[in-house]
Amino acid sequence: MPNVRWSHPYRSLPEERFWHSVVPTPLENPRWVDWNPSVSRLLGVDELATRADSLAAFAAGTPLPEWQPLAQVYSGHQFGQWAGQLGDGRGLYLGQTTYNGDCREWHLKGAGMTPYSRMGDGRAVLRSSIREYLVGDYMHALGVPTTRALALVESDTPVRRESWERGATLCRIAHSHLRIGHLEHFYYRNEHDALRTMLEFSINQLDSDLPEDSTRPLLFFERVLERSAALVAAWMAVGFVHGVMNTDNTALSGETLDYGPYGFISHWDPEFVINHTDHTGRYAYGQQPSVMYWNMARLAETLTPFVEIDDLKALLDGFPARYRSAYGAEMAARLAVDPSHPDLDAWVSDAQTLFGQAGRYYPELFYWALHDQEVFLSSMTPSDPLARDLHQRWQSMHESKRLETARERAPAWMLSHWLLDALITRVEQGETEWVSAIRGAIEQGISTQSDAASELGGHPPAPTEAFHLSCSS
Ligand code: AMP
Ligand code: MG
């Protein structure tokens with residue numbers, strides 16, 4: 001990998017207080033499930049697909065010579081409550097690469113126990129690893145900032161969850177794995193020197209262009225606010241539900257991080273809850289902008305030793321407006337409409353009503369609008385008066401120069417929970433090739449129909465059927 005430069009900036013932070021070196025614990029009898037060529041091209045590491053030491057390394061055996069595995073400490077608020085110390089309990093930071101000016105962190109999830117495993121086993125199961133592996137690419141194809149995965153390995157290591165499952169590893173790639181919880185960790189311990197060190201490190205990793213003066217922490221906060229507003233706006237636009245928006249799962253980089261019980265809404269329903277352990281609906285689809293706002297307040301708190309509270313508050317108070325503006329821009333771009341079009345808000349609101357009826361699939365909205373034709377799962381008759389009216393209005397609102405880009409990101413098929421369930425069932429029966437088939441379909445472009453996706457996900461369950469995912473992963 002001659003043009004790829006490896007570095008380990010996290011090791012510049014003090015050991016033990018910020019991280020621990022960890023030797024991975026190998027999986028038994030590992031097999032590749034899939035290698036992601038588009039991520040490997042992005043990283044410039046195609047040769048790793050066939051290198052003799054790769055499989056063992058990606059299966060948490062002997063690390064590649066380029067890797068220096070460590071576990072990071074962080075804390076966080078979970079479901080609105082202070083949860084104290086968490087940290088990398090089952091994932092290891094491997095280092096970062098720079099290739100063609102693009103800088104990415106590598107992380108191996110499911111690599112065994114670490115000093116932060118608490119009661120856990122340090123493992124990830126194949127089922128949830130497949131879900132995380134595929135959704136990274138799907139979200140990327142939708143144009144949503146996200147972590148992605150380079151490789152997925154399965155094994156015979158038994159892992160106990162609700163039942164016995166197979167252990168797996170996932171090599172996750174991110175611009176940054178820094179979470180709000182990295183700063184909360186030192187703030188809640190009143191360790192302001194370490195907090196300052198963590199903050200400087202975060203700024204250097206994410207926003208090194210900011211001026212090196214006293215305005216730096218406040219300007220950094222503004223950058224995180226902007227990225228987070230854009231991220232949650234993108235989720236809301238495409239109908240994505242994260243499911244566990246704890247502060248330890250909220251990245252400072254504005255990337256979607258830590259996929260667990262995620263999903264896409266079916267009909268448009270702000271109260272839709274995907275995570276069955278979320279009894280109060282805290283992380284319901286429609287709550288996500290408010291939760292991100294709440295998370296931003298937790299971040300602001302950690303900056304109070306360094307920034308005037310009034311300055312932080314003034315920026316924080318602007319989050320709802322930033323979100324609204326980001327959401328408008330997202331919807332406009334996805335609908336090929338100028339973001340300042342005066343009829344956009346009313347159109348979106350009527351579209352939510354149209355796709356809010358049972359039997360409709362909100363993620364199909366964009367394909368439906370942009371192609372003016374039957375959609376796939378939604379029972380949408382062309383004669384529906386609201387549908388006809390919306391189409392006519394869209395005709396006069398959209399701009400043809402914006403159409404091509406919008407169409408590329410309008411999915412013709414959904415990475416639905418029922419598609420993933422069917423796929424996981426096939427894989428458990430030994431047909432692992434379905435993972436590559438769906439990953440390949442995403443790479444081909446989600447704006448065209450896919451045979452593999454139709455075969456697995458062509459038949460949604462009855463719309464009245466309740467569906468929830470558990471947190472166990
Ligand atoms: P999550 O809900 O996956 O975001 O995880 C919350 C915290 O629990 C993080 O500190 C994880 O590292 C840790 N954790 C989750 N699952 C495990 C596991 N199987 N073994 C060890 N730690 C875990
Ligand atoms: Mg997490």
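## Close-up views of a predicted protein model

**View 1. Thr197 and its contacts.** Setting aside neighbours up to four places along the sequence, Thr197 touches Leu13 and Phe18. Keep in mind that what you're looking at is a predicted model. Thr197 itself sits in helix α5, which covers residues 192-206. Its relative accessibility is 33%, so Thr197 counts as partly exposed: buried would need a value under 20%, and exposed one over 50%. Now look for Glu443: it is 246 residues away from Thr197 in sequence, and the two C-alpha atoms are 40 Å apart in space.

**View 2. His182 and the residues around it.** Here we're in helix α4, residues 180-187, where His182 has its place. Is His182 buried or exposed? It is buried, because its relative accessibility is 0%. Leave out residues up to four places away in sequence, and His182 still touches Tyr10, Gln72, Val73, Tyr74, His177 and Met198.

**View 3. The magnesium ion, ligand 2.** Which protein residues donate atoms to the magnesium ion? They are Asn249, through OD1, and Asp258, through OD.

**View 4. Asp345 in helix α10.** Helix α10 runs over residues 344-354, and Asp345 is part of it. With a relative accessibility of 61%, Asp345 ends up on the exposed side of the cut-off, because exposed means over 50%. Asp345 and Gly328 are 17 residues apart in sequence, and from C-alpha to C-alpha they are 7.6 Å apart in space.

**View 5. Glu16, a loop residue with a positive phi.** Let's start with a bit of background on backbone angles. Most residues other than glycine have a negative phi. Glu16 isn't a glycine, yet its phi is positive, at about 75°. You'll find Glu16 in the loop between strands β1 (5-7) and β2 (19-21). Is Glu16 buried or exposed? Its relative accessible area is 58%, so Glu16 counts as exposed.

**View 6. Asn100, in the loop between β7 and β8.** Strand β7 covers 91-99 and strand β8 covers 102-109, with Asn100 in the loop between them. Asn100 also has a positive phi, near 50°, in a residue other than glycine. Because its relative accessible area is 71%, Asn100 is exposed.

**View 7. Zooming out to the whole protein.** Count up the elements and you get 16 helices and 13 strands. The C-alpha atoms fill a box of roughly 65 × 60 × 45 Å, taken along the principal axes. Why can we call the overall fold compact? A compact globule of 473 residues would have a radius of gyration near 23 Å, and the protein has 22 Å, which agrees. Buried residues make up 58% of the 473. Among contacts with a separation of 6 or more, 71% are between residues 24 or more positions apart. The accessible surface comes to about 18500 Å², and 50% of that belongs to carbon and sulfur atoms. As for charge, there are 39 positive and 60 negative side chains, and the centres of the two sets lie 2 Å apart.

Note on methods:
Residues numbered from 1 in each chain as written. Chains lettered and ligands numbered in written order. Predicted model: local features only at pLDDT ≥ 70, side-chain atom pairs only at ≥ 80, totals over all residues. Heavy atoms only, no water. Helix = DSSP H or I, 4+ residues; strand = E, 2+ residues; numbered from the N terminus. Rg over C-alpha atoms; globule rule 2.2 N^0.38 Å. Buried < 20%, exposed > 50% of the residue type's maximum accessible area, 1.4 Å probe, protein only. Contact = heavy atoms within 4.5 Å. Areas by Shrake-Rupley, 256 points an atom, 1.4 Å probe, with all protein chains shown as cover. Lys, Arg positive; Asp, Glu negative; His and termini not counted. Charge placed at Lys NZ, Arg CZ, Asp CG, Glu CD. Donors = N, O, S within 2.8 Å, 3.2 Å for Na, K, Ca; no water.
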